[in-house]
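Subject: A structure for you to look at

Hi there,

Here is the structure I promised to pass on. Please open it next to this email, and then read on for what turned up.

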Amino acid sequence: MSPHPSGLRPPLRSVRDRIRQVVLFELGGLALVTPPFAWASGVPLSDSIGLLALISLLAAAWNATYNTCFDRIEAKLAGRPADRRPLPLRVAHAIGFEGGLLLMSLPIITAWTGMSWFEALLADLGLATAYVLYAFAFNLGYDRAFPIEPQRCESLSSAR
């Protein structure tokens, strides 16, 4: 039994739409986060750009995977598309994304910068905090700017 009243699954974002979302998110994140990261960490701006670009590529792959899986699970369990996600679930979504990325990026930060694991953890937590706030605002804005189009269903009688 489907939780959606109509018995139909809610529409998901298209691959093209998801690619646009990931590209805009990562470019915006790099522009917003690199300067403060360089200042706070003491890592030169040129090294910070390279490091954050590498993490951005990792994040882009994680973003597409995580969001697609999250959206499918939400659609199946709650019967709604991602652009109708309630506020508490948006918060959980952003924290889950950043937590997974933190686990993957910590070794990269340590190797790239020569920071101790503790320093890299603090830097990574700072990045994660910045990106959680950014992800929340970006995804809310993205859903408003690019709502998911309902699927058009034609009845058999109209096809005759």
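In which helix is Val 15 found? Val 15 belongs to helix 1, which covers residues 15-41. Before going further, please keep in mind that this is a predicted model.

The overall picture

Of its 160 residues, 38% count as buried. Among contacts with a separation of 6 or more, 70% are between residues 24 or more positions apart. The accessible surface of the protein amounts to about 9600 Å², and carbon and sulfur atoms hold 69% of that.

A nonpolar patch

Back to Val 15: this residue counts as exposed because its relative accessibility is 64%. Together with Ile 19, Val 23 and Leu 27, Val 15 makes up a nonpolar patch on the surface, and the four share about 400 Å² of accessible area.

Aromatic rings

A pair of aromatic rings is described by the distance of the centres and the angle of the planes. The structure contains 12 aromatic pairs. One of them joins Phe 25 and Tyr 131, a tilted pair with 6.0 Å from centre to centre and 50° between the planes. Phe 25 sits in helix 1 and Tyr 131 in helix 4 (residues 117-145), so this pair ties together parts that are 106 residues apart in sequence. Both Phe 25 and Tyr 131 are buried.

Trp 62 and Phe 97 make a stacked pair, because their ring centres are 6.3 Å apart and their planes meet at 20°. Here the link runs between helix 2 (residues 45-78), which holds Trp 62, and helix 3 (residues 87-113), which holds Phe 97, so parts 35 residues apart in sequence are tied together. Trp 62 counts as partly exposed because its relative accessibility is 23%, while Phe 97, at 4%, counts as buried.

Phe 25, Trp 62, Phe 97 and Tyr 131 are among the members of one aromatic cluster, which also includes Tyr 66, Phe 70 and Phe 146. Arg 20 lies over the face of Phe 146, 3.7 Å from the ring centre.

Salt bridges

How many salt bridges does a search of the whole structure find? The search gives 9. In one of them, the side chains of Asp 143 and Arg 13 meet at 2.5 Å, N to O. Asp 143 is in helix 4 and Arg 13 in the segment before helix 1, so the pair ties together parts 130 residues apart in sequence. Asp 143 and Arg 13 are both buried. These two also belong to a network of salt bridges that links them with Asp 17, Arg 20 and Arg 90.

Another salt bridge joins Arg 85 and Asp 71, with 2.7 Å between the closest N and O atoms. Arg 85 comes from the loop between helix 2 and helix 3, and Asp 71 from helix 2, 14 residues apart. Arg 85 counts as buried because its relative accessibility is 8%, and so does Asp 71, at 4%.

Asp 83 and Arg 84 form a salt bridge too, at 3.0 Å, N to O.

Terms used:
Residues are numbered from 1 along each chain as its sequence is written. This is a predicted model: local features need pLDDT of at least 70, side-chain atom pairs count only at pLDDT 80 or more; totals for chains, interfaces and linings use all residues. Side-chain values use heavy atoms; hydrogens and water are left out. Patches are made of residues with over 30% relative accessible area and no salt bridge: like charges are joined within 9 Å, nonpolar side chains (Val, Leu, Ile, Met, Phe, Trp, Tyr) within 5 Å. Accessible areas come from the Shrake-Rupley method with a 1.4 Å probe; for residues, only the protein chains shown count as cover. Helices (H or I, at least four residues) and strands (E, at least two) are DSSP runs, numbered from the N terminus. Buried means under 20% relative accessible area, exposed over 50%, partly exposed in between (1.4 Å probe, protein chains only). Rings of Phe, Tyr and Trp (its six-membered ring) pair if their centres lie within 6.5 Å; planes under 30 degrees apart count as stacked, over 60 as edge-to-face and the rest as tilted. A charge sits over a ring if NZ of Lys or CZ of Arg is within 6 Å of the ring centre and within 35 degrees of the ring normal. Contact means heavy atoms within 4.5 Å.
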